[in-house]
Amino acid sequence: EHLERTAVVYGESNTGKTAVLNATARTLAIRYQEEQPYYLCSGTVNDLRPAHRKGLLKKGVPRIIEDYAPRGNPNGKRQALAEYLVNLLNVKDGGKIDTPGGHQLALPAAAPQLISTNRDFEEWISKFKTFSVKLKNAVSKRIVFFRLPSTPLVRAELRKRRQEDMCAMVAAG
């Protein structure tokens, strides 16, 4: 699924979305890259432009977009929101999206994409309802949603689990 759809992890703040996405991206990077695995993390889609210029945005390199809202480029004149989302969420085939300054960013095919957001599922769906049926289908087949529970792990519990994991690793040799 991670080479077919964009994963959107949503939930309240302080639920561990960033940690989950970083661990997932690290695992996928190790799986799809043979030498020096890495993943990209950005606060916005536009923040991926420097990585693209350096040639880091390529097949097999996972991308994380933090705290994304379902909207397109506010300065984009060429792409409507629906077309922008279809191209942004198209992990399988890649796509070109408008960026500020009148440029386009080419996203590679077969590069896992993970998005975190504090916005509810209903907020995303309300945007999709404004699209034509054809575009609704195009967006819905490119995205999958995961909700994190709203009860964050307590730091003391994390320390206890880490200690238990370390003891188990030492015992295993």
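Trainee: What share of the contacts in the chain with a separation of 6 or more comes from residues 24 or more positions apart?
Mentor: This is a predicted model, in which local features need pLDDT of at least 70 and side-chain atom pairs count only at pLDDT 80 or more, while totals for chains, interfaces and linings use all residues. Residues are numbered from 1 along each chain as its sequence is written, and side-chain values use heavy atoms, with hydrogens and water left out. A contact means heavy atoms within 4.5 Å. Of the contacts with a separation of 6 or more, residues 24 or more positions apart account for 65%.

Trainee: Which pattern does the chain follow when read along the sequence?
Mentor: Helices (H or I, at least four residues) and strands (E, at least two) are DSSP runs, numbered from the N terminus. The chain has six helices and seven strands. Read along the sequence, their pattern is β-α-β-α-β-α-β-β-β-α-α-β-α.

Trainee: What percentage of the 173 residues of the chain count as buried?
Mentor: Buried means under 20% relative accessible area, exposed means over 50%, and partly exposed lies in between (1.4 Å probe, protein chains only). The C-alpha atoms fill a box of roughly 60 × 40 × 25 Å along the principal axes. Of the 173 residues, the buried share is 38%.

Trainee: How are the axes of H3 and H5 oriented to each other?
Mentor: Two packed helices are described by the angle between their axes and the distance between the axes. Axes are lines fitted to C-alpha atoms, for helices over the stretch in contact, with angles from 0 to 180 degrees between N-to-C directions; those of H3 and H5 come within 9 Å and cross at roughly 25°. Angles under 35 degrees count as roughly parallel, over 145 as roughly antiparallel, 65 to 115 as roughly perpendicular and the rest as oblique. H3 and H5 are therefore roughly parallel.

Trainee: Which residues of H5 make the contact with H3?
Mentor: On the H3 side, the contact is made by Ala-82, Leu-85, Val-86 and Leu-89. On the H5 side, the residues are Leu-135, Ala-138 and Val-139.

Trainee: Is Ala-110 buried or exposed?
Mentor: Most residues other than glycine have a negative phi. Ala-110 has a positive phi of about 55° although it is not a glycine, and it is found in the loop between S5 and strand S6 (113-117). With a relative accessible area of 18%, Ala-110 is buried.

Trainee: What does Asp-67 count as by relative accessibility?
Mentor: Asp-67, too, is not a glycine and has a positive phi, of about 50°. Its place is in the loop between strand S3 (63-65) and H3. Because its relative accessibility is 41%, Asp-67 counts as partly exposed.

Trainee: How many disulfides does a search of the whole structure find?
Mentor: Cys-41 is partly exposed at 44% relative accessibility, and Cys-167 is partly exposed at 46%. A disulfide is a pair of cysteine sulfur atoms within 2.5 Å. Over the whole structure, the number of disulfides found is zero.
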